[in-house]
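User: Please take me through this structure with a few questions and answers, keeping to what can be computed from the atoms.

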Amino acid sequence: MSYEEWYRQDRLPHIYCAGCGNGTIINCTLAALEQMAWKKEDTVFVSGIGCSSRAPGYIVTDSLHTTHGRAIAFATGVKLANPDLHVVVITGDGDLAAIGGNHFIHACRRNIDLTVVCMNNQIYGMTGGQGSPTTPLGCLSTTTPYGCVETPFDLCDLAIAAGANYVSRWTSYHVKELEKAVLAGLQTPGFSFIEALVQCPTAFGRRNKFKQVADQVEYLRSHSMLKAKRDRLLEQGEHIPGDMFVVGELERRNRPALGVKR
Amino acid sequence: MKLAIDETRCKGCNLCTKVCPYKIFKEGKKANRKGIIIPELDRPERCTNCRLMHLYGRTLCGVCQLTCPDQAIHWVEELPYEPKKVAIEY
Ligand SMILES: Cc1ncc(C[n+]2csc(CCOP(=O)(O)OP(=O)(O)O)c2C)c(N)n1
Ligand code: SF4
Ligand code: SF4
Ligand code: SF4
Ligand SMILES: [Mg+2]
């Protein structure tokens, strides 16, 4: 099946705002899926609530659009009830790390054979732009009108510390790399976590001096630092600017996993 | 094959104008019936896929298609004997 066939073409165009990065991440996820030669009958998409979580509604497989924050909890149930299914979770930063934070770390600990793609727009997009646990310091949102003063979560560090088998981070600019990362995640037994930083022009960009959609994508490009470069700088004891984030494959290991296909 | 933007899907975000190595997508000027300004294609026959997609049996490059958040970029079959311009890049 080509990746266009994984889309429910009759449901497109989707409801996302013009320039919303979520559409790009669905493209990359399905392009990776295309290479797995999985049947759509054996694949399940699970999501919670949020703009990002509407993605499974545009995909031909069976899917669960669950309650806010519970995507991983439902996915755990699906996977343990029938380990022969391939279960992919699509979630947002609020869905995964705020209300669903505990499900996230415990799924990493249990190392359940899921692939979780988090569309991190650093904001609650759907409800109009409240700050989320990943809103960067100083950024404006409706709940942080003077700039965010809370230190954000690093979702990848969280997943690594909690025990996920595969962790990587890319952005909506790095489409080819993201496709490869999702593919690696789908192939890895155990919990795979792929964080994709995305632009949200409506709820985030508009309030944070990104006048055009492309401005925020350019910010994501210019503020991402490859893991290899970060490691080299650390080794040389050089300073890494605080507004840079690391992209690349951050973890790949083989801890005992749960729910792997028999 | 022919590179095309699906007008029923494009929302005019102009991200495609930033990613193509040949700069085939240019910001459009006129709004369409829905009020969306769709990018214009500058000599789209230069896209590698127009010539090589069938030969290789897969999509080459394809960065614009992966990037387009609205699944609006695709390649369509040409009609038999459809007149076309040939652009050669040095
Ligand atoms: C139990 C519950 N609490 C709160 C909400 C309201 N709510 C809907 S979406 C959302 C935040 C979504 O943020 P995120 O997961 O980052 O998704 P995004 O829209 O940014 O993609 C909230 C708080 C809800 N639907 N259910
Ligand atoms: S509010 Fe933000 S995340 Fe939601 S569809 Fe619009 S741009 Fe995308
Ligand atoms: S990226 Fe897609 S939606 Fe955006 S302007 Fe180009 S064709 Fe239209
Ligand atoms: S496939 Fe590549 S070369 Fe062809 S139009 Fe898209 S970005 Fe340009
Ligand atoms: Mg969000």
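Analyst: Buried here means under 20% relative accessible area, exposed over 50%, and partly exposed in between (1.4 Å probe, protein chains only). Helices (H or I, at least four residues) and strands (E, at least two) are DSSP runs, numbered from the N terminus. This is a predicted model, in which local features need pLDDT of at least 70, side-chain atom pairs count only at pLDDT 80 or more, and totals for chains, interfaces and linings use all residues. Residues are numbered from 1 along each chain as its sequence is written, chains are lettered from A and ligands numbered from 1 in the order in which they are written, and side-chain values use heavy atoms, with hydrogens and water left out.

User: How many residues of strand 1 of chain A are buried?

Analyst: In strand 1 of chain A, Thr43(A), Phe45(A) and Ser47(A) point one way, while Val44(A) and Val46(A) point the other way, and all are buried. Strand 1 (residues 43-47) of chain A is therefore largely enclosed by the rest of the structure, the buried count being 5 of the 5 residues.

User: Which residue is the bridge partner of Val46(A) in strand 3 of chain A?

Analyst: Two strands pair if DSSP finds at least two bridges between them. Strand 1 of chain A runs parallel to strand 3 (residues 86-92) of chain A, with 5 bridges joining them. Within strand 3 of chain A, Val46(A) has as its bridge partner Val89(A).

User: Which residue stands opposite Val46(A) in strand 2 of chain A?

Analyst: Strand 1 of chain A also pairs with strand 2 (residues 62-65) of chain A, in the parallel sense and over 4 bridges. In strand 2 of chain A, the residue opposite Val46(A) is Leu64(A).
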